[in-house]
Amino acid sequence: KMPLEMRVLIVNPLASGVSERRLEAVARALPSDTETVLTLDRGHATELAREWGPRVQAIYVFSGDGTYNEVLNGIEVDVPVGLIPGGGTSVLPRALGLPRDAVRAAERVAAGRPRRISLGRVNGRRFGFNAGIGFDAELVRRVDALGRRQDGRRPGDVAFGWTVVRLLVDQRFRFESTLEVEGLGRAAFAFVANCSPYTYAGPLGLRFAPDATFEGGLDVVAPTGLRAAAVPRLLVQAVRGLTARKDVLYG
């Protein structure tokens, strides 16, 4: 039986910021009793978190946001999780205030104290920082549909930006009220978050839900509609950290 003093580092070797050299540096920054395990396929991190959770003192994850989510959905015991940025953006550790550099982040989580944050759940799955219904969800679906490059990594920022443009064009830059949000009414789409920024565009944080905090539960922003002329204004509001009331019709 493994002693609980042990720790485990779950690594997605295909994450865009993970390399053998960087992994070695991250492993050196963590406690010496940390075991490293690599994910083999999509969903494998969930199985690893479920397997290792009861046996270790802490779980570290060196990957991108997708693997963080898998780990959060595999944990079945009260065990601390340290997030080390290894993806193209790695929104969750950045929102938690961790350095963008993987080694510095590893040093921080190794020396840090546990912090409890609120999580959300949608369709039976936990999420660590945000979820979208409508525009955001469709964007993520289209990016996932692009698959991976020949080296196994996901498409970069250019492909993501082009996907955003194609989605807006396909919608003719218009989003009508197609959702019914309980307690709020009709909405074109919804952003649900437990932190701000909601997401990052490169180094730029987009604050669609600026009042959301990790300790404060979930916040929702649900505009009733969106018109083409209002898209630039919505982006400016997100950059500045302002948000309109849910009953405002953009445009």
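The exercises below, each with a worked solution, concern a predicted model.

Residues are numbered from 1 along each chain as its sequence is written, and local features need pLDDT of at least 70, side-chain atom pairs count only at pLDDT 80 or more, and totals for chains, interfaces and linings use all residues. Side-chain values use heavy atoms, with hydrogens and water left out.

**Exercise 1.** Determine how helix 1 and helix 5 are oriented to each other.

Solution. Take helix 1 (residues 20-29) and helix 5 (residues 102-111), whose axes come within 8 Å and cross at roughly 20°; helices are DSSP runs of H or I with at least four residues, strands runs of E with at least two, and axes are lines fitted to C-alpha atoms over the stretch in contact, with angles from 0 to 180 degrees between N-to-C directions. The two helices are therefore roughly parallel, a term for angles under 35 degrees.

**Exercise 2.** Which residues of helix 1 and helix 5 meet, and of what kinds are they?

Solution. From helix 1, R22, A25, V26 and A29 meet A102, V103, A106, E107 and A110 of helix 5, contact being heavy atoms within 4.5 Å. The residues of this contact comprise seven nonpolar, no polar and two charged, where Ala, Val, Leu, Ile, Met, Phe, Trp, Tyr, Cys and Pro count as nonpolar, Asp, Glu, Lys and Arg as charged, and the others, Gly among them, as polar.

**Exercise 3.** Locate T67 and decide whether T67 is buried or exposed.

Solution. T67 lies in helix 3 (residues 65-72). With a relative accessible area of 6%, T67 is buried (under 20%; exposed is over 50%, partly exposed in between, with a 1.4 Å probe and protein chains only). Leaving aside residues up to four places away in sequence, T67 touches N12, A45 and V61.

Terms used
Parallel < 35°, antiparallel > 145°, perpendicular 65-115°, else oblique.
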